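Keep the sequence and the 3D view side by side.

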Amino acid sequence: MPFSEMTRDEAVALARKLSGEYAEMEKIRKEMEENEAIFSKPIPEPAKHAAFKYFLPFLIAAPIAFAVLGSIGYFALNLGGSRTMNMVFSFLAVLIFAGLLIFGGRFAKNKRDEMNNLEIAKHRTQVGKMDDLKRKTNALKSQYRTLQNSVKEYEDVIPATHRTSEQMERVASILEAGNAKDLESALKI
């Protein structure tokens, strides 16, 4: 129906309808741009954790324990203790030294594997979220094209400067206020 044959109420209804569709298009376009900005950034590779940083406390503690127990045995021997007591403390020093290093090595390896697995899981989650975001963006593009087709029939009559929700809302207000007799004259104001 030509705009000149529309009643003022029909013109207001059309302006409000177009305003709503343009508003939805603006919202979708903004969301698509935000999504594309997010997935244009590469997902960082998962961090690699080294076992050494978990082994270091054991590596420090083992010689300290060895020195303390060896010193106790030495002082016990010098203070009148038996040679057997010195041998026991020396044996204990070597045993604790080796035990700390073996236990620390296993602990560090397990901790490293645990932390690396957490990083891999985190990376997979990020990749999954990125895939979901891409699917959502594709659905938004489809909605956007549908809305574009819906307003396409008015492109010849509505100037490009008025193809926004704000401008069409202004046109509807002009028509409701009676400042224009039809949609064409409201678009010119």
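Two residues are in contact when heavy atoms lie within 4.5 Å. Keep in mind that this is a predicted model.

Start with asparagine 116. Helix α3, residues 83–151, holds asparagine 116. Leave aside its neighbours within four places in sequence. Asparagine 116 is then in contact with Ala47, Lys48 and His49. A polar atom of the asparagine 116 side chain lies 2.7 Å from the backbone nitrogen of histidine 49. Is asparagine 116 buried or exposed? Its relative accessible area is 17%, so asparagine 116 is buried; the cut-off for buried is under 20%.

Now turn to helix α2, residues 52–78, where isoleucine 60 lies. Isoleucine 60 counts as partly exposed because its relative accessibility is 48%. Ile60 belongs to a nonpolar patch on the surface. Phe52, Leu56, Leu59, Ile64, Val68 and Ile72 are also part of that patch. Together the patch residues have about 600 Å² of accessible area.

Next come the aromatic rings. How many aromatic pairs does a search of the whole structure find? The search finds five. Take phenylalanine 66 and phenylalanine 97: their ring centres are 5.8 Å apart and their planes stand at 65 degrees, so the pair is edge-to-face. Phenylalanine 66 lies in helix α2 and phenylalanine 97 in helix α3, so the pair ties together parts that are 31 residues apart in sequence. Phenylalanine 66 counts as partly exposed, at 38% relative accessibility. Phenylalanine 97 is partly exposed too, at 29%. Elsewhere in the search, Phe58, Phe103 and Phe107 form one aromatic cluster.

Technical notes:
Residues are numbered from 1 along each chain as its sequence is written. This is a predicted model: local features need pLDDT of at least 70, side-chain atom pairs count only at pLDDT 80 or more; totals for chains, interfaces and linings use all residues. Side-chain values use heavy atoms; hydrogens and water are left out. Helices (H or I, at least four residues) and strands (E, at least two) are DSSP runs, numbered from the N terminus. Buried means under 20% relative accessible area, exposed over 50%, partly exposed in between (1.4 Å probe, protein chains only). A polar contact is a pair of N or O atoms within 3.5 Å; within protein, one must be able to donate a hydrogen and the other to accept it, and residues adjacent in sequence count only if both atoms are side-chain atoms. Patches are made of residues with over 30% relative accessible area and no salt bridge: like charges are joined within 9 Å, nonpolar side chains (Val, Leu, Ile, Met, Phe, Trp, Tyr) within 5 Å. Accessible areas come from the Shrake-Rupley method with a 1.4 Å probe; for residues, only the protein chains shown count as cover. A salt bridge is a side-chain nitrogen of Lys or Arg within 4 Å of a carboxyl oxygen of Asp or Glu. Rings of Phe, Tyr and Trp (its six-membered ring) pair if their centres lie within 6.5 Å; planes under 30 degrees apart count as stacked, over 60 as edge-to-face and the rest as tilted.
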